Amino acid sequence: MTEATEKSVVMVTGGSGLVGSAIRDYVTANPKENEEWVFLSSKDGDLRDRKATEAIFEKFKPTHVIHLAAKVGGLFANLAQKVS
């Protein structure tokens, strides 16, 4: 846990999606000191690529991550990815 005086950097993957946008709206309306929020979309890098992911983490140095990124396509596009 970080001390109250340390800066938190919260990185949100899938930041342009439905839930990510709602979190952004809430954070914007309720800012807190010592908090920085970074909202990423697929345009910011390919999280399936290890080197690209490491570069993102190096760039933003998050203390917390909210991982909301998903395969885009909606319900029917993802039905082929069933889990047994």
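Reply: Happy to! Let's start with valine 65, which lies in strand 3, spanning residues 64-67. Please keep in mind that this is a predicted model. Valine 65 has a relative accessible area of 40%, so it counts as partly exposed, falling between the 20% and 50% limits. Setting aside neighbours within four places in sequence, valine 65 is in contact with Met11 and Phe57. Tryptophan 37 is 28 residues away from valine 65 in sequence, and their C-alpha atoms are 9.8 Å apart in space.

Now for the charged pairs. Side chains of opposite charge can pair when their charged atoms come close. The structure has four salt bridges. One of them joins the side chains of glutamate 36 and lysine 7, at 2.8 Å from N to O. This pair links distant parts of the chain, 29 residues apart: glutamate 36 sits in strand 2 (residues 35-39), while lysine 7 belongs to the segment before strand 1 (8-13). Glutamate 36 is partly exposed at 29% relative accessibility, and lysine 7 is partly exposed at 48%.

Another salt bridge brings together arginine 50 and glutamate 54, at 3.0 Å from N to O. These two are four residues apart in helix 2 (residues 50-60), so about one helical turn separates them. Arginine 50 is exposed, at 66% relative accessible area, whereas glutamate 54 is partly exposed at 43%.

Glutamate 58 and lysine 61 also meet in a salt bridge, at 2.6 Å from N to O. Here glutamate 58 is exposed at 54%, and lysine 61 is partly exposed at 49%.

Note on methods. Residues numbered from 1 in each chain as written. Predicted model: local features only at pLDDT ≥ 70, side-chain atom pairs only at ≥ 80, totals over all residues. Heavy atoms only, no water. Buried < 20%, exposed > 50% of the residue type's maximum accessible area, 1.4 Å probe, protein only. Contact = heavy atoms within 4.5 Å.
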